[in-house]
Each structure stands twice: as structure tokens, then as C-alpha cells.
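Try each task yourself before you read its solution.

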Amino acid sequence: MDEMEDKAPESAPENAGESAADSAKKAAMGLKDEAEKTLGEIKSRGVMGFFSFEHMYFPIIARYIFIILVILSVIGMVTGVIGGLLAIFSTGFFAGIVTILGTIIFSLLSIVFTRIMFEMILLGFKMFETMQAVRENTRK
């Protein structure tokens, strides 16, 4: 017990008072800065630099593609639930419930598997970047 009393309390994180709106604004600014940096790199390297595949652009746009796919999955889920509700009144209660549950389960699984696939693809890009850094460090 004496050891615990002698230790100084840890300081609170610097951004503990930061609101969710501030953190969202910082994240949006970070994405904007990253996009501007990428566009600047494309312009500085020219068309041939774009086609040389020395710099990978997919990791940057992957976030946006993932968000679009999640939105499409949610739209499909809402459509399926509405179809299930209509099936309850037209076909039968059991068919409607099965449609609703199947739609929800399939939509959630599609979001999870999409996330896993994007992580696997981005892992390959991360390995590429790490190998480039190792190559640069071994040249020094």
C-alpha cells in the first residue's frame, strides 16, 4: 500500500475537455489536408508519376468507398425491412418476419465482411509502405 501512496497521480489527457464537435472538426480538417496533399503530389509528379505506382492512392480513397458501401447497405436494409412489413400484410406474418430478420442479418454481415476485406486490402498497402521505409533506411 505504501508504494501506491508514493506514486504521483497521472495527469489528465490534454484533450479531455475537447468536445465531440471539436474532434470531428479536427478529423474533417485532417482528411481535407490529406486530400489536398495527395492532389498536390499528383500535380507535382505529373501524369507519368500518377501511372508509375510509386505512391499508393487507394488507402486515401478507401475510407470514402467504405462509407459509400455502408450507406448503400443501410439503404438496402431499410428497403428490405419495408418489403418485409409489406409482406406481413400481403403474404403472411411468418414470411414478413423472415424477410425482416434475414434482411437485417444479411446487411449487418455485409458491413462486417466489407470492413474485413478493406482491412485486408489496406494491410497489403501498409506492408508496402513499411517495406519502402525499410528499403530507404537500409540505403542510408
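**Exercise 1.** Classify arginine 115 as buried, partly exposed or exposed.

*Solution.* Start with the cut-offs: buried is under 20% relative accessible area, exposed is over 50%, and partly exposed lies in between (1.4 Å probe, protein chains only). Arginine 115 has a relative accessible area of 45%, so this residue is partly exposed.

A word on the ground rules. This is a predicted model, where local features need pLDDT of at least 70, side-chain atom pairs count only at pLDDT 80 or more, and totals for chains, interfaces and linings use all residues. Residues are numbered from 1 along each chain as its sequence is written, and side-chain values use heavy atoms, leaving out hydrogens and water.

**Exercise 2.** Find the salt-bridge partner of arginine 115 and say how the two sit in their helix.

*Solution.* First, the rule: a side-chain nitrogen of Lys or Arg must lie within 4 Å of a carboxyl oxygen of Asp or Glu. Helices here are DSSP runs of H or I, at least four residues, numbered from the N terminus. Finally, glutamate 119 is partly exposed too, at 42%.

**Exercise 3.** Describe the salt bridge of glutamate 136.

*Solution.* Its partner is arginine 139, with the closest N and O atoms 3.5 Å apart. Both lie in helix α4, 3 residues apart. Glutamate 136 is partly exposed at 39%, whereas arginine 139 counts as exposed at 59%.
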